[in-house]
Amino acid sequence: MAILFLSDADKTNEWAAALAHELPNEEILIGAEVARKRAADIDCAVVWWPEPGLLARLPGLKAIFSLGAGVDHIFADPSLPQDVPIIRLIDPALTEQMTEWVVMNVLRHHRRMTDYALQQSRAEWRRHDIPRAQARRVGLMGLGILGEAAARGLAPFGFDLAAWVRHPHAWEDGTLFVGDDGLQPFLARNDITVCLLPLTAATRGILGTRAFAGMPIGASIINGARGGHVVPADLIAALDHGQLSAATLDVFDTEPLPADDPLWRHPRITLTPHVAAVTLAQTAAHEIAANIRHLRAGQRLNGIVDPTRGY
Ligand code: NDP
Ligand code: OXD
């Protein structure tokens with residue numbers, strides 16, 4: 001029995017050390033080449049964007065652990081083994097980072113920092129009225145591990161919060177909108193919409209012309225989820241026509257975002273390079289190791305993904 005670590009991240013040595021520290025009695029194999037040589041020995045794979053077809057060639061595989069909260073990179077493999085559970089990462093350190101990123105950017109949008117940055121570029125001294133936070137309607141698309149924590153981070157400021165989910169929830173911090181019927185009324189009430197959805201067939205391209213047209217004029221969006229949620233050309237058009245006033249994007253369909261992509265240079269878009277919440281080897285290895293110990297002991301794993309939902 002061996003654990004395979006498979007990622008193109010440049011911190012492989014740090015990961016190997018962190019996993020070895022957490023699981024001193026386990027053999028850790030690193031990389032696709034050794035995976036092919038030792039395929040029969042591997043029963044756990046810890047992965048980020050695994051090479052398509054590689055996981056299907058591991059006959060004894062019992063679990064696939066994502067190096068992130070998202071699992072779309074695993075489902076992107078068309079020959080993914082069907083009967084092997086996929087486990088997403090649930091790591092309080094990752095959740096804390098996303099909460100910081102969301103709170104920081106909601107405050108930036110609330111306080112019209114895009115307008116002030118533009119004004120600064122023209123040396124223009126002009127003040128805008130700012131509503132109280134309780135009059136600012138902030139909506140979270142997705143109220144999972146990250147969305148719920150972000151809502152808890154935003155609540156103390158007094159924002160008028162709402163969330164959009166697939167299944168009814170108990171939630172005390174704001175108004176809940178559910179399912180396809182809830183989407184348009186949810187978008188229509190938001191001054192600031194924050195996307196924290198998983199990328200699935202149902203959510204790809206969800207932030208496009210139709211969604212933007214349903215938002216109040218001058219609304220803004222923050223995407224901390226996946227690039228595939230936003231239709232870039234529709235976003236640029238909505239910003240150029242004044243339907244939207246600002247966008248903050250952390251994630252892109254192609255990463256790194258190519259240097260000639262127009263998103264880089266749009267004056268009303270603020271970009272970060274997929275850093276809203278970065279998986280930290282030490283804390284993530286701790287969570288993944290706990291799950292591997294559960295697997296070995298025949299106990300229930302934390303964070304099993306439902307393959308029919310895709311998250
Ligand atoms: P969860 O799986 O915990 O939560 C997903 C939420 O989205 C749930 O509330 C779910 O609703 C809702 N949802 C899913 N599909 C739909 C749908 N079709 N309609 C309405 N609601 C839907 O995910 P996390 O909160 O942990 O993470 C969200 C995403 O954030 C990840 O998938 C990943 O892509 C991204 N991410 C980005 C990072 C970054 O650095 N930029 C870092 C980490 C994650 P319900 O509760 O009803 O099931
Ligand atoms: C994740 C990510 O899914 O880093 O955790 O994007």
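Guide: A residue counts as near a molecule if one of its heavy atoms lies within 4 Å of it. The structure shown is a predicted model.

Visitor: Which residues come nearest to ligand 1?
Guide: Ligand 1 has 30 residues around it. By class, they divide into 16 nonpolar, 9 polar and 5 charged. Those that come nearest are Arg-88, Leu-143, His-167, His-169 and Tyr-311.

Visitor: What percentage of the area that ligand 1 exposes when taken alone does the protein bury?
Guide: Oxygen atoms of ligand 1 lie 2.6 Å from a polar backbone atom of His-167 and 2.6 Å from a polar side-chain atom of His-169. An N or O atom in the side chain of Tyr-311 is also 2.6 Å from an oxygen atom of ligand 1. Taken alone, ligand 1 exposes 940 Å². Of that area, the protein buries 93%.

Visitor: Which element gives the largest share of the shell around ligand 1?
Guide: Helix H6 (145–154) and strand S7 (160–165) are the elements that give two or more residues to this shell. The largest share is 3 residues, and it comes from H6.

Visitor: How many residues does H5 give to the lining of the second largest pocket?
Guide: The second largest pocket holds about 270 Å³ of space. Two or more lining residues come from each of helix H4 (92–110), helix H5 (113–121), strand S10 (219–223) and strand S11 (244–249). The largest share comes from H5, with 3 residues.

Visitor: Which residues lie nearest the centre of the second largest pocket?
Guide: The lining comprises 18 residues, with 6 nonpolar, 6 polar and 6 charged. Nearest the centre lie His-109, Arg-112, Arg-136, Gly-218 and Ser-245.

Visitor: Which strands form the edges of the open sheet of 5 strands?
Guide: The sheet has parallel pairing and the order S2-S1-S3-S4-S5. An edge strand pairs on one side only, and this holds for strand S2 (27–30) and strand S5 (86–87). The edges are therefore S2 and S5.

Visitor: What is the bridge partner of Ala-45 in S4?
Guide: Strand S3 (residues 42–47) and strand S4 (residues 63–66) pair in the parallel sense over 4 bridges. In S4, the partner of Ala-45 is Ile-64.

How values were computed:
Residues numbered from 1 in each chain as written. Chains lettered and ligands numbered in written order. Predicted model: local features only at pLDDT ≥ 70, side-chain atom pairs only at ≥ 80, totals over all residues. Heavy atoms only, no water. 1 Å grid on protein atoms, 1.4 Å probe; cavity = no way out; pocket = protein on both sides within 12 Å on 5 of 7 lines; lining within 4 Å. Points joined across faces, edges and corners; volume = space filled by probe spheres on them. Nonpolar A, V, L, I, M, F, W, Y, C, P; charged D, E, K, R; others polar. Pairing = 2+ DSSP bridges. Polar contact = N/O pair within 3.5 Å; in protein donor to acceptor, adjacent residues only side chain to side chain. Areas by Shrake-Rupley, 256 points an atom, 1.4 Å probe, with all protein chains shown as cover.
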